[in-house]
Amino acid sequence: MTDRERQFAAIGFGYAEGIDLAKVVIVPSTGREIRRTKSGWEAQPWNDNYWQEFDDLLDAAKFAARPKQQRGE
């Protein structure tokens with residue numbers, strides 16, 4: 001497993017080999033779609049309905065994933 005695949009696993013993706021070749025990626029924790037665009041990727045945050053563009057799929061996935069709860073919250 002590569003470091004990049006480990007980063008995807010840390011935000012809930014069980015399998016990420018070749019994920020950068022996909023046209024649409026579903027975020028496991030939220031069910032949100034991340035879509036490939038001509039210039040990169042677009043994603044919605046886990047709790048709102050606007051779209052934001054990203055150069056890197058990993059950044060888009062972090063943006064669309066539900067944040068992990070801190071202990072004691």
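Which residues touch the most other members of the largest nonpolar core? Select Phe 8, Phe 13, Ile 19, Val 25, Ile 34, Ala 43 and Leu 57, out of 18 residues in that core. A nonpolar core here is a set of buried Ala, Val, Leu, Ile, Met, Phe, Trp, Tyr and Cys residues joined through side-chain atoms within 4.5 Å. Buried means under 20% relative accessible area, exposed over 50%, and partly exposed in between (1.4 Å probe, protein chains only).

The model is predicted: local features need pLDDT of at least 70, side-chain atom pairs count only at pLDDT 80 or more, and totals for chains, interfaces and linings use all residues. Residues are numbered from 1 along each chain as its sequence is written, and side-chain values use heavy atoms, with hydrogens and water left out. Mean pLDDT (the predictor's confidence in each residue, from 0 to 100) is 91 for the protein.

Next, select α2 (57-64), which gives the most to this core, with six residues.

Then centre on Ile 34. Its contacts (heavy atoms within 4.5 Å), not counting residues up to four places away in sequence, include Trp 41, Leu 57 and Ala 64.

Now show the aromatic rings; the structure holds three pairs. Rings of Phe, Tyr and Trp (its six-membered ring) pair if their centres lie within 6.5 Å; planes under 30 degrees apart count as stacked, over 60 as edge-to-face and the rest as tilted. Phe 8 and Phe 13 are edge-to-face, 5.5 Å centre to centre with 85 degrees between the planes; both are buried.

Finish at Tyr 50 and Phe 63, whose centres are 6.1 Å apart with planes at 65 degrees, so this pair is edge-to-face. Tyr 50 is partly exposed at 40% relative accessible area, while Phe 63 is buried at 19%.

Note on methods: Helices (H or I, at least four residues) and strands (E, at least two) are DSSP runs, numbered from the N terminus.
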